[in-house]
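Please open the model in a viewer and keep the selection panel at hand. The stops below proceed from charged pairs to aromatic rings, nonpolar cores and the surface.

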Amino acid sequence: MTKKGNVFLKLFLIVTVNCTELHDKGFVLTVTVVREAVDEFRRYKRDKEMNSQLYSKLTVRGKVQVKSSDIQVGDLIIVEKNQRVPSDMVFLRTSEKTGSCFIRTDQLDGETDWKLKVAVSCTQRLPALGDLFSMNAYVYAQKPQLDIHSFEGTFTREDSDPAVHESLSIENTLWASTVVASGTVIGVVIYTGKETRSVMNTSNPKNKVGLLDLELNQLTKALFLALVALSVVMVTLQGFVGPWYRNLFRFLLLFSYIIPISLRVNLDMGKAAYGWMIMKDDNIPGTVVRTSTIPEELGRLVYLLTDKTGTLTQNEMIFKRLHLGTVSYGTDTMDEIQSHIINSYSQVHSQNSGNSTSSTPSRKPQSSAPKVRKSVSSRIHEAVKAIALCHNVTPVYESRAGVSGETEYAEVDQDFSDENRTYQASSPDEVALVQWTESVGLTLVSRDLTSVQLKTPGGHILTYYILQIFPFTSESKRMGIIVRDESSGEITFYMKGADVAMSTIVQYNDWLEEECGNMAREGLRTLVVAKKSLTEEQYQDFESRYNQAKLSIHDRNLKVAAVVESLEREMELLCLTGVEDQLQADVRPTLEMLRNAGIKIWMLTGDKLETATCIAKSSHLVSRTQDIHIFRPVTTRGEAHLELNAFRRKHDCALVISGDSLEVCLKYYEHEFVELACQCPAVVCCRCSPTQKAHIVKLLQHHTGKRTCAIGDGGNDVSMIQAADCGIGIEGKEGKQASLAADFSITQFKHIGRLLMVHGRNSYKRSAALGQFVMHRGLIISTMQAVFSSVFYFASVPLYQGFLMVGYATIYTMFPVFSLVLDQDVKPEMALLYPELYKDLTKGRSLSFKTFLIWVLISIYQGGILMYGALLLFESEFVHVVAISFTALILTELLMVALTIRTWHWLMVVAEFLSLGCYVASLAFLNEYFGIGRVSFGAFLDVAFITTVTFLWKVSAITVVSCLPLYILKYLKRKFSPPSYSKLTS
């Protein structure tokens, strides 16, 4: 080889290699940037849509329309019924006569029940809207805070004499993202943008990177080290002759194919393909892939954190059971109750018509002989009446079309027709109870702040005056109401609540505890109903003490509770009710499948402890045989220590813990607690705030290092969904906020089974195979280059020209290699039937340093065989080495793809033959590239040589030697140590 030719060759090589490299890198970056940009643009459009919603703003000159993004603190905003509240406001006025309105808060705290909000009385009393501008007043609000359940502020009007001061609490606020459910409201804006409660409770989303991408990054680093090492070895073997550092740089360029640049493009296109397959799957309709970068994560999950309301349950309550102690009524015997009610009320009215004084049947036997057991009929009558009176439900009548579309509260003269009545309450359980009393004949027709009206089966209206209401709180776990019957003047105290709270309040009985247990096991939510008759004197005495307690400044809550408790003694137990929160379709089999797949399920809910435990049992999140350890409420370090020790002694039992206790445990014993909780088969955290949910996700990621998935359907789950490695949102009753923030959005919980078992499995297995194959493609050609250089005295000369290299990475092998995204090792039906197969995926065995090393060895073996074979067989006509080795290389690659594939698809066959066809065609047309130095040898390949039998048999021989041993090894491996799934498919 002449010196001159050598130098020219080197220059030519460096230029061509550099150009092809730049093209590759540019293409890679373009594909990645375009995909990210599309994702980003979609998000931008969604945000713009939210920000450009129009609202009416009240000004001195009247109403003007403003965009929600232009609203500022101090603006007076009018929000219509069913409109979203744009920012945090203090509630000044409403069109409702009562001075209050209902709002839906599902996007804020995940609860679908309606909350009652009260307007500031000073502004509600003003005769007209315009008077808001004629008064001189200001609102003081505390600084923005996280807590959505508390607010402190004052409303001061200075132009009246004396100045009016009103204290503002949570019931005078309308937080952003809530929806007005009744009437039109006017509020003054106090917080906007990042200071609103809903935004403060959502964490900033992080950019999610899949575990597979991280693992491939590690392997790429290893390949880079191999590249440097190989180049150094080459220069060392040269003996550091001349400007050795220049040679080192040349070798780095020559072997740069070791670094698989096309890997990024192949994987990105693969991910796009998986996303398309998920969205096109008819078995999970309506599924949307919003983050196209992490479909493989679905195959690597170990922890699933799920919301309860609306995710596992439908949040639709149905009344199932009424138990009176001696007799129990289920759904099939409700008609008996109905006939009892009709009878007892017809008796009452017949007595009333013949007798001026009225009485109820339950009163009669008691006056004559107090100890006689009441008849079943009278007991049913009392129980149903108690359920119909003791609640905070308001019937709302949609006014007939035309009256400005606002709801109007029922007045007695209005028609109480059943079609246009709906019930509003702060809890769906309450509505279920009132709907049930309506179905058995006693209907709630009207309610305001002072009275309740019921309609009997005969159509008569009974009026009861509300004297006092004691609302439900999570501490007291019960609610009470004192009413006076209009017709008889009797005062009765009704109470209902959780069995834990009520068992000590009611008179001694022997059945309550047992029946509560039975109902809880059926997954019913139980409430105990009791009553107590009060004389006028007793009530007056109570009222004076109660009002006094309400005025005290210190320990007000304690004093009020003490007065109420003086009434809560020896109450008469009326009945026990059971309401079922219906589970979503197929929740049980889906949870069962996920458990068998080795996924640990944690339920994080904002709901009460009893309800959460109840659903955990009925959904089989906790299996029948398992014990449940309820973590007692702890507030100090010592209590937490004792409780953790008690928990440590339990084995294989599910844990139920409340958000407050969890905070305390994490503050002092984070590591110990997480370690213990991770050993549990299931964990239920109740009363969790949105930020707590996200915190638990981060804890699991930090302590276990395993992949987590969060699934939810409300605005309160957004933080958790964004914190998890893979977030799934359900489009449900609670709106779309969760599904928009999630990486994957589904329409039903049961779809998660197929999403993980089938699509998660396929995405991970395919990407692992694709990634390793692309690496193999770069390694094999680098091995050939290394062999070529070492044979020729370590010359840094390229084996193949730039065009061949580009063709090798694209047109000749791209289609078959990319067709690996269609491969599947197990049929979808099998993957769903045997979820245990999923456990293997979480160990990450499809792509590890072990499998990577095997591929490296294969590449070195094949590269060596191809190059040495070409050199051995062609000593005479050396010019043809390029043609022979390159042809054998392409054939080897195509055969290796065929070897890797587990299930053939017609497109794979097309891809193989298409690539082969492209190559054969290019042999005919691009023959000038198949020489070594075009200038020095002037070697142009003649078509005559390619068609000779020698060429064909020699290429075939080399290809067979490079591939046959691998086929034999694969056959032996499948025979003697088959993978777990092959046992199922055979």
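The count of salt bridges comes to 31, a salt bridge being a side-chain nitrogen of Lys or Arg within 4 Å of a carboxyl oxygen of Asp or Glu. This is a predicted model, in which local features need pLDDT of at least 70 and side-chain atom pairs count only at pLDDT 80 or more, while totals for chains, interfaces and linings use all residues. Residues are numbered from 1 along each chain as its sequence is written, and side-chain values use heavy atoms, with hydrogens and water left out.

Select K531 and E382 to begin. Their salt bridge has its closest N and O atoms 3.0 Å apart. K531 lies in strand β25 (residues 524-534) and E382 in helix α10 (residues 376-389), so the pair ties together parts that are 149 residues apart in sequence. Helices (H or I, at least four residues) and strands (E, at least two) are DSSP runs, numbered from the N terminus. Both K531 and E382 are buried; buried means under 20% relative accessible area, exposed over 50%, and partly exposed in between (1.4 Å probe, protein chains only).

E536 is partly exposed, with a relative accessible area of 32%, and R484 is partly exposed at 23%.

Stay on helix α14 and select D541 and R545. Their side chains meet in a salt bridge (3.6 Å, N to O), and the two residues are four apart, about one turn of the helix. D541 is partly exposed at 41% relative accessible area, as is R545 at 32%. For a network of salt bridges that share partners, select D213, R264, D268, K271 and E296.

Rings of Phe, Tyr and Trp (its six-membered ring) pair if their centres lie within 6.5 Å; planes under 30 degrees apart count as stacked, over 60 as edge-to-face and the rest as tilted. F542 and Y546 are stacked, at 5.3 Å centre to centre and 20 degrees between the planes. Both are buried, and they lie four residues apart in helix α14 (residues 536-551), about one helical turn. F631 and F673 form an edge-to-face pair, with centres 6.3 Å apart and planes at 85 degrees. F631 is in the loop between β28 (627-630) and α18 (637-648), whereas F673 is in helix α19 (residues 659-679), 42 residues apart.

Now turn to the interior. A nonpolar core is a set of buried Ala, Val, Leu, Ile, Met, Phe, Trp, Tyr and Cys residues joined through side-chain atoms within 4.5 Å. The largest nonpolar core has 80 residues, of which I728, F744, I752 and L756 touch the most other members. Helix α23 (residues 751-791) gives the most to this core, with 12 residues. Another core, of 42 residues, lies apart from it and includes L324, M334, Y423 and L462.

Finish at K308, in the loop between β14 (301-306) and β15 (313-323). K308 counts as buried, at 0% relative accessibility.
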